[in-house]
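Here is a short report on a structural model. Look over the sequence and the fold before reading on.

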Amino acid sequence: MKHPNQATLALHAGGDLGAIARWRARRHLERCAECREEITRFEQLRQFLPSLADSPELQWNRLAAEMKANIRLGLAAGECVRADEPAGAGRIWSGARVGVALASAAVLLATGVVLERPGPTVDRETGVVVQATADGVQVREGGQALGLMHSGTSREAVTYQVGAQGSMEARYVDSETGYVTVNTVDAQ
Amino acid sequence: MPNKRQVALLALLSAGAALAQDVPLEGRVNINLGKDSPVALVSMSTGDSHSSSRGAALVLDLHMSLTLRNTSAGRIHGVALRVISQEVTVGGKGSVSIPSLNIGPGEAFPVRIDMQLMRPTQVAGGPLVDVNLDGVLFADLSCSGPDLLNSCRTMTAWEMEAQRDREHFKRILAQSGPKGLRQAMLESISRQSARPQLDVRVMRAPAVTSAAFGPARTEQFAFLQFPDSPLEPSKGSAQIAGNEAREPHIEVVNRSAQAIKYVELDWLVSDPSGQRYLAASLPASDPVLYLPAGKTANVEQTTCLRFTRRGQPVNIQGAMGFVSRVQFADGKLWVPSRADLERDSLVKVLPPSAEEQRLDDLYLKHGLDALVRDLKRY
């Protein structure tokens, strides 16, 4: 069986595939447990993304600002070179140059718009967060997380209960042991 | 919806996954049941536990299967294990509890712990996870163990709910026979599947409220009063902004003749269509509460709760509360009766007790005869 590549699975997990690709991925997932597991892992990672977005290694706004600064520097350098050229040199190409300059400005404008778009929709949550994930309950702080999973039990068969003091409980009948099991994570 | 940068990040992380490596977990899990424990460890397996690097993050999947034996002279009705990771210094902890047990002296029983740890860098040496016994509840409601997580109180409440619900179904069996019991089980299962549930995220530090929600408003609680409740909620409110609720506080009066040392209320919210949901339980924040007869206390928390359903924010329109658990100074507990819960259709909004969940599962997997046999065991 030919499996979709990682990028396709990642896009599917995020709901970003086009209609036809999504349909093909769904068909494959219906009969491929391995890829379903991979999708679950991607979904878990998506839960983890907000904290990564806050990590110092991934400062998107700073990267964008640096890119724009480099573009400006390039333009300024170009102006310096042009200033050294004899007056009237290349006048014959002035129309083409204006065209190139306008096209460059348009590209710059488009790049600026893209870079200035709002960043990833990240909940700017600070401190400890308690939540249910695709297959468990989790307490998370910064880039670290502790989760208790209800592996082998579908989410619909799990009863979740929240404690306003900062706890979450997942209650289910364990398919292997047959016992009711209560997994609790607590932020205290 | 993730944008292109998040997709790119996912691709990077998946590339990291391809380089995933198994980290040996031998000796990395500590099981400590304590001295003079009423349970003994018979065996332990870490099965297909593994770790993998995904981009900057390290993910550890721990699958532990324990077999414990009842070494006491009493019947065990509940066990709670405390799960701590020294490696992941997140501000929290976990526990795995097994209520609704019925384990005789000398009998063994399995406990499964599936855990996932995430941290940004490689793990150091030393134990990854400590599993400690927190409490063991016996059939006579006595409890043993360090009880650092108040497991004894929680398991006793579960056991009282279990007794209440077993009695409810036994009464139906006695009055209406197996047919009546079958009908009651089908209604219970149908109620569980139809029960509206919200996804709730709890934040201990206040989250930044979106400007789109506007300023928070103070929503007053409405209360459901149970005639046999030792406690009466009198007034209370929470701050609501869009799909966020924070700082709930409720004033309660002790109407009983005894002093009370623990209080918990259940908090319901409703959406603009009037649909009610269980939002959270609201325990007293004071760990050393002492509420004499006739006196008043405040039950409050400082957390922020964010509500969604199927990924969409749910705007909160109303708040309702009722007393769900009370512990008296002598240690005895009160939980609402079945009649209390059937009033105002609360059973349609609240989750089933652990015991009702077990009985539903037993009926679904093994049929009516097995259920009748089980009810007669108690």
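Among contacts in chain A between residues at least 6 apart in sequence, what percentage join residues at least 24 apart? The figure is 49%. The model is a predicted one.

## Chain A overall

Chain A holds five helices and six strands. Their order from the N terminus is α-α-α-α-α-β-β-β-β-β-β. Chain A has 188 residues, and 31% of them count as buried.

Helix 1 of chain A covers residues 6–13. Its buried residues are A:Leu9, A:Ala10, A:Leu11, A:His12 and A:Ala13. A:Gly15 follows helix 1 of chain A, with a positive phi near 70 degrees.

Helix 2 of chain A spans residues 19–31, 13 residues in total. From first C-alpha to last, helix 2 of chain A reaches 19 Å. That is close to the 18 Å expected at 1.5 Å a residue. Is helix 2 of chain A largely buried or largely in the open? Of its 13 residues, the number buried is one, so helix 2 of chain A lies largely in the open.

## A helix pair in chain B

Two packed helices are described by the angle between their axes and the distance between the axes. In chain B, helix 2 (residues 151–194) packs with helix 4 (residues 354–377). The angle is about 45 degrees, and the axes lie 10 Å apart. Angles from 65 to 115 degrees count as roughly perpendicular and those under 35 as roughly parallel, so helix 2 of chain B is oblique to helix 4 of chain B.

The crossing of helix 2 and helix 4 of chain B is right-handed. The residues of this contact comprise 16 nonpolar, two polar and eight charged.

Note on methods. Residues numbered from 1 in each chain as written. Chains lettered and ligands numbered in written order. Predicted model: local features only at pLDDT ≥ 70, side-chain atom pairs only at ≥ 80, totals over all residues. Buried ≥ 20, exposed ≤ 12 C-beta atoms within 10 Å, placed from the backbone. Helix = DSSP H or I, 4+ residues; strand = E, 2+ residues; numbered from the N terminus. Expected span 1.5 Å × (residues − 1). Axes fitted to C-alpha atoms, helices over the stretch in contact; angles between N-to-C directions. Parallel < 35°, antiparallel > 145°, perpendicular 65-115°, else oblique. Left-handed = near helix turned anticlockwise from the far one by under 90°. Nonpolar A, V, L, I, M, F, W, Y, C, P; charged D, E, K, R; others polar. Contact = placed C-beta atoms within 7 Å.
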